[in-house]
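Please find below a colleague's note on the structure under review.

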Amino acid sequence: MGIQEGTLADMSGLHKWVFLVLSATQFILGMLGNGFIVLVNGSSWFKNKTISLSDFIIANLALSRIVLLWILLVDGVLIVFSSKVHDEGIIMQIIDIFWTFTNHLSIWLATCLSVLYCLKIASFSHPTFLWLKWRVSRMVVQMILGALVLSCASALSLIHEFKMYSILGGIDGTGNVTEHFRKKRNEYKLIHVLGTLWNLPPLIVSLASYFLLIVSLGRHTQRMEPSGTSSGDPSTEAHKRAIKIILSFLLLFLLYFLAFLITSSSYFIPGTEMVKIIGELITMFYPASHSFILILGNSKLKHMFVGMLRCESGHLKPGSKGPVSL
């Protein structure tokens with residue numbers, strides 16, 4: 001690689017440790033946030049023998065992001081310390097399959113949550129919207145099952161490319177075979193990048209949910225203005241919470257999507273190891289940070305989280321009387 005190899009060698013010192021510290025920090029925060037969601041909703045489900053659809057989606061979303069964080073951490077460490085192992089052979093294939101499945105499932109679960117909030121909270125008199133609103137639980141469950149099928153299909157679709165990649169990689173033939181292998185490898189990488197277009201449908205659905213909630217909030221505010229209670233009634237607050245959660249998902253997802261495109265560009269542009277590493281750090285920010293937005297946007301999770309923080313601060317302060325009830 002010439003100059004590029006020297007650039008990568010320069011990373012053996014400070015840059016590697018900076019990457020490790022930032023990755024470990026995001027990983028730990030993400031595990032704490034998502035683990036808290038799984039623990040609270042899981043224990044509530046086990047205790048009450050029942051769980052609401054929104055809590056079920058949030059718990060599975062957090063669980064998928066725990067797996068996603070592990071995948072991203074392993075992927076980033078391999079890029080920095082063993083790029084050849086990362087880019088060749090079975091390791092790359094395993095990471096790609098698990099990342100593709102978990103990534104698609106996580107995105108679709110967040111989309112299902114956006115649709116659920118929209119249909120539960122927004123208010124329109126259009127017959128189509130009312131038909132969907134009356135069947136919201138059934139429709140969202142069908143969306144979850146469809147998301148699971150699509151995630152499996154997207155991951156399994158890589159197996160054919162992996163077989164060709166492995167067969168050609170094991171052949172020590174003529175120059176023509178080597179060139180054919182190089183073309184097939186580039187085709188695989190191009191298909192892998194173009195596979196990100198599968199993220200457009202959930203993004204469009206989430207944008208539509210966000211738009212409908214904005215319109216519904218505007219209409220609701222106009223109706224409540226004569227009575228002077230538009231700013232504090234439960235419906236307005238529910239609209240605002242849902243809008244914040246969906247908007248945060250959209251912004252973080254766009255950042256995540258751009259980071260993945262930056263990382264994928266290293267497949268085709270030589271000497272972009274540093275760009276790939278920066279992309280890995282930005283990519284990990286999405287599943288790590290969105291968990292805390294979900295916690296603050298959910299009354300039960302927020303109550304438990306604030307109570308836990310007050311309990312911890314009470315233990316740290318001598319003479320404290322403990323947490324104050326909300």
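Predicted model: local features only at pLDDT ≥ 70, side-chain atom pairs only at ≥ 80, totals over all residues.

1. Cavities. The model contains 3 cavities of 30 Å³ or more. The second largest cavity has a volume of about 40 Å³, and its lining consists of Ala 110, Leu 113, Ser 114, Ile 245, Ile 246, Phe 249 and His 290. Two or more of the lining residues come from each of helix 5 (90–121) and helix 10 (234–265).

2. Sorted by class, the residues around the second largest cavity comprise 5 nonpolar and 2 polar residues, with no charged residues.

3. Ser 209. This residue belongs to helix 9, which spans residues 200–224. Ser 209 counts as buried because its relative accessibility is 5%, and the cut-off for buried is under 20%. Leaving aside residues up to four places away in sequence, Ser 209 is in contact with Ser 114, Val 115, Cys 118 and Ile 246.

4. Trp 45. Is Trp 45 buried or partly exposed? With a relative accessibility of 39%, Trp 45 counts as partly exposed, since that class lies between the limits of 20% and 50%. Trp 45 is located in helix 2 (residues 14–48).

5. Surroundings of Trp 45. Residues up to four places away in sequence not being counted, Trp 45 touches Thr 50, Ile 51 and Phe 56. Asp 55 is 10 residues from Trp 45 in sequence, and their C-alpha atoms are 9.0 Å apart in space.

Definitions and conventions:
Residues numbered from 1 in each chain as written. Heavy atoms only, no water. Helix = DSSP H or I, 4+ residues; strand = E, 2+ residues; numbered from the N terminus. Buried < 20%, exposed > 50% of the residue type's maximum accessible area, 1.4 Å probe, protein only. Contact = heavy atoms within 4.5 Å. 1 Å grid on protein atoms, 1.4 Å probe; cavity = no way out; pocket = protein on both sides within 12 Å on 5 of 7 lines; lining within 4 Å. Points joined across faces, edges and corners; volume = space filled by probe spheres on them. Nonpolar A, V, L, I, M, F, W, Y, C, P; charged D, E, K, R; others polar.
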